[in-house]
Amino acid sequence: MASAAAPSSPSSSPDYSANGCSLHVTVHIAPENWPKFKAAMQPVYEKVIQEPECVYFEIYRSPEDPGTITWVENWTASPEWLKTVQIPKEYYKEYLEITRPMFIKPQEFKILHRLGREFLSIKDKQYASEF
């Protein structure tokens, strides 16, 4: 996984770690593998959303390339916590054993610092009514 480089001096950039982090993952599979991928992802998704530090998780599929699947997870914890505590959890192993052979390109990972309430908007009622 890649994360942003540390600033050269502590005063050159604010510390955003107090706001948590956002994990963005993209995988590329053959579109016909979507049902198998979805079946493997569902139990992991259900476990991740139960984690108290996970405040958002949504999965997307590209309309132009239905084999490109991206998801975004927002966490109240630091990138270091995500890498050392969350990602090594046992429940990811079966998912990876099933899905890795489906990947037709390398997985893409980004960990971003969340900027917090200054740049956060949630329209809960409007969003919920879409589904």
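This is a predicted model: local features need pLDDT of at least 70, side-chain atom pairs count only at pLDDT 80 or more; totals for chains, interfaces and linings use all residues.
Residues are numbered from 1 along each chain as its sequence is written, and side-chain values use heavy atoms, with hydrogens and water left out.

The protein chain has four helices and four strands; helices (H or I, at least four residues) and strands (E, at least two) are DSSP runs, numbered from the N terminus. Followed along the sequence, these elements give the pattern β-α-β-β-α-α-β-α. The four strands form an open sheet with the order E2-E3-E1-E4 and antiparallel pairing, where two strands pair if DSSP finds at least two bridges between them. At the edges lie E2 and strand E4 (108–113), each of which pairs on one side only. From one strand to the next, the twist averages 15°. Helix H2 (residues 79–86) packs on this sheet and touches strand E1 (21–28), E3 and E4; contact means heavy atoms within 4.5 Å. The direction of H2 makes about 135° with that of E4. Such angles run from 0 to 180 degrees between N-to-C directions, with axes as lines fitted to C-alpha atoms, for helices over the stretch in contact.

Tyr 56 itself sits in strand E2 (residues 54–61), which is joined to strand E3 (residues 68–75) by seven bridges. With a relative accessible area of 31%, Tyr 56 is partly exposed; buried means under 20%, exposed over 50%, and partly exposed in between (1.4 Å probe, protein chains only). Together with Val 55 and Tyr 60, Tyr 56 makes a nonpolar surface patch of about 260 Å². Patches are made of residues with over 30% relative accessible area and no salt bridge, with like charges joined within 9 Å and nonpolar side chains (Val, Leu, Ile, Met, Phe, Trp, Tyr) within 5 Å.

Two salt bridges are present, each defined as a side-chain nitrogen of Lys or Arg within 4 Å of a carboxyl oxygen of Asp or Glu. In one, Lys 89 pairs with Glu 51, the closest N and O atoms being 3.0 Å apart. This pair links distant parts of the chain, 38 residues apart: Lys 89 is in the loop between H2 and helix H3 (91–99), and Glu 51 in the loop between helix H1 (34–48) and E2. Lys 89 is partly exposed at 23% relative accessibility, whereas Glu 51 is buried at 12%. Glu 90 and Lys 93 also meet in a salt bridge (3.2 Å, N to O); here Glu 90 is exposed at 58% and Lys 93 partly exposed at 43%.

Glu 51 also brings Gln 86 into the picture. Gln 86, found in helix H2, is buried at 0% relative accessibility. Beyond its neighbours within four places in sequence, Gln 86 is in contact with Val 48, Glu 51, Trp 75, Trp 81, Tyr 91 and Tyr 92. Gln 86 and Glu 51 are 35 residues apart in sequence and 9.0 Å apart in space, C-alpha to C-alpha. Across the protein chain, buried residues make up 33% of the 131 residues.

Key. Accessible areas come from the Shrake-Rupley method with a 1.4 Å probe; for residues, only the protein chains shown count as cover.
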